2 protein chains.
Amino acid sequence: MSDHAPWITYRPELTVLDCTIRDGGLINNHLFTDQFVRAVYETCVEAGIDMMEVGYKNSPGIFPKKEYGPWRHCYEDDLQRVFGDHDDAATGLALCAMADAGKSDWKTQIVPRDQSVLSIIRVAFYAPQVSEAVEMIAHCHAMGYETSANLMAVSAITEKEIDTVLKEIVPSPAKTLVIVDSFGYLYREQIDMLCRKYIKAMAGAGRQVGIHAHNNRQLAFANTIEAIILGANRADATMAGLGRGAGNCPMELLLGFLRNPKFKLRPVMQLLRDHIDPLRESLEWGPLVPYNLTGQMNCHPRAAMQFRASDDRDDYVKFYDQIIAEA
Amino acid sequence: MSDHAPWITYRPELTVLDCTIRDGGLINNHLFTDQFVRAVYETCVEAGIDMMEVGYKNSPGIFPKKEYGPWRHCYEDDLQRVFGDHDDAATGLALCAMADAGKSDWKTQIVPRDQSVLSIIRVAFYAPQVSEAVEMIAHCHAMGYETSANLMAVSAITEKEIDTVLKEIVPSPAKTLVIVDSFGYLYREQIDMLCRKYIKAMAGAGRQVGIHAHNNRQLAFANTIEAIILGANRADATMAGLGRGAGNCPMELLLGFLRNPKFKLRPVMQLLRDHIDPLRESLEWGPLVPYNLTGQMNCHPRAAMQFRASDDRDDYVKFYDQIIAEA
């Protein structure tokens, strides 16, 4: 054995981003109560989490306000109502929102940094949207925000496409480039290759790589650890893994793994008991068999989500036959 | 990126062992119906699985027959009743049982290989039991069985202790030495060290390393993949991860990952739907929060199992406080 046991020390520059509200909102149209959002916020503060992503800065034209809750749009009045008293320095927590290329009125929706409680904007995009993403990053940076480039569905594009995206993103002011395994398809060897590639591209002072994993194959936590081992310094997680389909890397596993004493697990236990478990009465997420299958097939979880909403929801054979036939 | 994509090819010598009945029986005293055991058997055959572990060869003195089902003892008449027609060559499946050091009447319970449907005996032991384990392996080998050495709870002993165990096991006729993460504590860097150490120790024709992972931290599948990447050639899994506490590496994930076309996932889907899901009405297993916590603490899941059986079963904060206080 090596004479080194890295699992009992920590890397101070590693930061944790909670995206419970943002990613979890994809299963309930972001119709969370203010009380729930506030409970997640307070948990993040108490648990020593570094960033909390409170929702999307997306267009009410595409996501009408009568169908979608405030955390799909993150208008400043909603942010003020729930986070009006927020103070980055006092809490050690930065607030963040995500803007999707193609789904965001970013030219008008994003106010200057000094007029918002947000300090970070993460730009999510598919490879063919990289040009808009670069404009969005430049705009958000000019407005005073820290920015992040989140290339989605990286498991579904070619290496040349990835390289082309990186070539466009590298000159941008994005501080972070995130490995996003939207379909929960990737496993260790693939994470390794992407991580090395992204870290090489983002070499330089003040720049870093992040990881955002989905749990279709029960690999979200493992892939997050793997990226951390290889040097990724920003890890996404959600409380109880709350998120679309199979969900995300569970915060309770991630904090239980990290050795930085600033992270506290007990507040997360409290949130799970008091606020997350009750959600399971009306919402479903986690690495259920249909999500295992879409993950293995490198597909969007859409088909599995529809299947779980159907009368045949537990007929795994039927779903297996369906996705094999459609492949 | 590398010019190699190992995830689309396979290693023919990699074999899969189903231990659903053996490990799953730890949550119901092995009181499975013959019909259920037979359904798992038929699934193993149809799915191309290489070995099925049908139970323990443990002592009815310690595990009385009135409390424990037949798969805790694996007497030949019970095996004959359910597997009497079994044929290794025709099915491609080998049957296996586990004998625990300290809990098995191995000198009398194990009949010669040619009088049994079993062809493999796996000897499970804690480090201080290695001397009995070596005797057991020699005995089972002399009786005609393929043998395996399964050093349990490896995460709870020192490197010198591991080295001492290996020194004793290496001269034995055990074909396989298995990395057993009984507490679901290990993660990738630890699996790597153990795997390299075990593979080095077991170098030589016809010998191999196996992996038996528990899912406390949702790492059972990831750790199984990791050991496979590093050259472990026998992987344990159970249907839907059925097993004590957090359960095991789920077979449906493992087969969905392996690329050997002999493995078929559809029969597993059928078993999950028709036989495993109904078990959930009376049995609980899986990576629930209390098991996350015992895994993180490198503890036996006992405390979490007791907690899940108590009235406070969902009070994660109470359980967290309890195990922190006891640590």
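This is a predicted model: local features need pLDDT of at least 70, side-chain atom pairs count only at pLDDT 80 or more; totals for chains, interfaces and linings use all residues.
**Chain A as a whole**

Chain A holds 14 helices and eight strands. Its C-alpha trace spans about 55 × 50 × 40 Å along the principal axes.

**Helix pairs**

| Helix pair | Axis distance | Crossing angle |
|---|---|---|
| α2(A) and α11(A) | within 9 Å | roughly 165° |
| α8(A) and α9(A) | within 10 Å | roughly 40° |
| α2(B) and α11(B) | 9 Å | about 165° |

Take α2 and α11 of chain A. Helix α2 covers residues 34-47 and helix α11 covers residues 266-279; their axes cross at roughly 165°. That angle makes α2(A) roughly antiparallel to α11(A), because angles over 145 degrees are classed that way. The crossing is right-handed. From α2(A), the residues A:F36, A:A39, A:V40, A:T43, A:E46 and A:A47 take part in the contact. They meet A:P267, A:V268, A:L271 and A:H275 of α11(A). By class, this contact of α2(A) with α11(A) has seven nonpolar, two polar and one charged residues.

Now α8 and α9 of chain A. Helix α8 runs over residues 188-201 and helix α9 over residues 220-230, with axes crossing at roughly 40°. The two helices are therefore oblique to each other. Their crossing is right-handed. On the α8(A) side stand A:R188, A:I191, A:D192, A:C195 and A:R196. On the α9(A) side stand A:N223, A:E226, A:A227 and A:L230. The contact of α8(A) with α9(A) has four nonpolar, one polar and four charged residues.

Chain B has its own α2 and α11 pair. Helix α2 of chain B, residues 34-47, packs on α11(B) at an angle of about 165°. The pair is therefore roughly antiparallel. Its crossing is right-handed.

**Where the chains meet**

How many residues of chain B are in contact with chain A? The count is 37 residues of chain B, against 37 residues of chain A. Which element gives the most? The answer is α11(B), with six residues. By class, this side of chain B divides into 18 nonpolar, seven polar and twelve charged residues.

**How the copies relate**

A rotation of 180°, with 0.0 Å of shift along its axis, superposes chain B on chain A at an RMSD of 0.0 Å. That is the relation of a two-fold axis. The same surface serves both copies, as 100% of the contact residues of chain B recur in chain A.

Terms used: Residues are numbered from 1 along each chain as its sequence is written. Chains are lettered from A and ligands numbered from 1 in the order in which they are written. Two residues are in contact if their C-beta atoms, placed from the backbone, lie within 7 Å. Helices (H or I, at least four residues) and strands (E, at least two) are DSSP runs, numbered from the N terminus. Ala, Val, Leu, Ile, Met, Phe, Trp, Tyr, Cys and Pro count as nonpolar, Asp, Glu, Lys and Arg as charged, and the others, Gly among them, as polar. Axes are lines fitted to C-alpha atoms, for helices over the stretch in contact, and angles run from 0 to 180 degrees between N-to-C directions. Angles under 35 degrees count as roughly parallel, over 145 as roughly antiparallel, 65 to 115 as roughly perpendicular and the rest as oblique. A crossing is left-handed if the near helix is turned anticlockwise from the far one by less than a right angle, and right-handed if clockwise. Copies are superposed by least squares on the C-alpha atoms of residues with pLDDT of at least 70 in both.
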